[in-house]
Amino acid sequence: MHTLTHSDLLVVDGLQINNWDRKVLEELRAGGVTGVNATCAVWDGPADTLGAVAQWYQLAADNDDIVTLAETSEDIRNAKRDNRIAVLLGFQNSSPFGDDYRMVEIFHRLGVRVAQLTYNIQNLAGGACYDEHDSGLTAFGRIMIAEMNRVGMLVDLSHVGNRTCLDAIDASRTPVAITHSNPTWFVDSPRNKPDEVIDALAARGGVIGCCLYPNVLGGEATSSADFAVMVARLVDQIGPDHVAIGSDCTRNWSEDYVAWLRNGRWRPPSQNPVEPEWPMWPNWFSGPSDFPVLTECLQKVGLDDATIAKILGENWLRIFDDVFPGLPESQERR
């Protein structure tokens, strides 16, 4: 018997990459989402990323009745009380840091709290999920992780190669996350993660956000029951403290943006192996306003209220509590 309703939950989404405006923010409110890791840079270098952060400052100022920029778990908890959306600024690549480890602290001071090491292809930090050969974590990648640990920025491994993932999990002194991926035993995609990576992540206190993006979900035909069974099996595999949601919602974008995501500046669009286009989402989940469906399907699959509360938000808050304060020696530069 479930006594918990969706409105009772403090819902946190591990990642969304929307083209943000007030309408999209209202979709989060409609879905009962309080906290979200909002991607504000993918292929951008330091200068362009500064502009993207500034845009978020302006959007938050223009909509301060419904949104707040969060830097701590407590900010998210307070937002639930105030019926506002708490946005954590995040990167889906380490390109915003350029080749300068000091940029980690700079962007942390500007409010960035999550950064993915690589996005699909090799960079200065390490290998990525679509590389033919994963180089593993580089020397610069190790320094970057040490800085992220020091200042209190969560390491994200979602688009990262498996060898580099394992290196990063081992190198990090605080828990790391896979904010938006699924197990390869559910959908065999380079963007999903094998047991070796998922088990290592959980063993070090990390969290994986189960993802609704069609390319890693199995396409629009995947049912809510299929998704719920996957989540329940993952809970059995690594425990209820390490499973969460990272929807990877992509609201309000044109087709041009998906081409930018796939190609960045490294490949001419004419050389893309297929014409980039957004995939079709399943009819039961097309955006953040559909989050109540997740509560319903997790209840139907037999998960208890306490576990559902962890999956839909509490596990993200726990890892934020662990990571965001930084290391005790954070006053000392390495």
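Glu-147 and Arg-150 stand three residues apart in helix α5, so about one helical turn separates them. Helices here are DSSP runs of H or I with at least four residues, strands are runs of E with at least two, and both are numbered from the N terminus. The model is a predicted one, in which local features need pLDDT of at least 70 and side-chain atom pairs count only at pLDDT 80 or more, while totals for chains, interfaces and linings use all residues. Residues are numbered from 1 along each chain as its sequence is written, and side-chain values use heavy atoms, with hydrogens and water left out.

The side chains of Glu-147 and Arg-150 form a salt bridge, 3.0 Å from N to O. A salt bridge is a side-chain nitrogen of Lys or Arg within 4 Å of a carboxyl oxygen of Asp or Glu. Glu-147 is buried at 3% relative accessibility, and Arg-150 is buried at 6%. Buried means under 20% relative accessible area, exposed means over 50%, and partly exposed lies in between (1.4 Å probe, protein chains only). Helix α5 covers residues 139-151. Arg-150 also has a polar contact of 2.7 Å with the side chain of Glu-105; such a contact is a pair of N or O atoms within 3.5 Å, where, within protein, one atom must be able to donate a hydrogen and the other to accept it, and residues adjacent in sequence count only if both atoms are side-chain atoms.

The structure holds 18 salt bridges. One of them joins Arg-191 and Asp-248, with the closest N and O atoms 3.8 Å apart. This pair links distant parts of the chain, 57 residues apart: Arg-191 is in the loop between β7 (177-178) and α7 (195-203), and Asp-248 in the loop between β9 (243-245) and α10. Arg-191 is buried at 5%, and Asp-248 is buried at 6%.

Another salt bridge pairs Arg-22 with Asp-65, at 2.8 Å between the closest N and O atoms. Arg-22 lies in helix α1 (residues 22-30) and Asp-65 in the loop between α2 (46-62) and β3 (67-69), so the pair ties together parts 43 residues apart in sequence. Arg-22 is partly exposed at 32%, and Asp-65 is partly exposed at 44%. Arg-22 and Asp-65 belong to a salt-bridge network with Glu-26 and Arg-29.

Elsewhere, Glu-277 sits in the loop between α10 (255-263) and α11 (291-300). Glu-277 is exposed at 52% relative accessibility.
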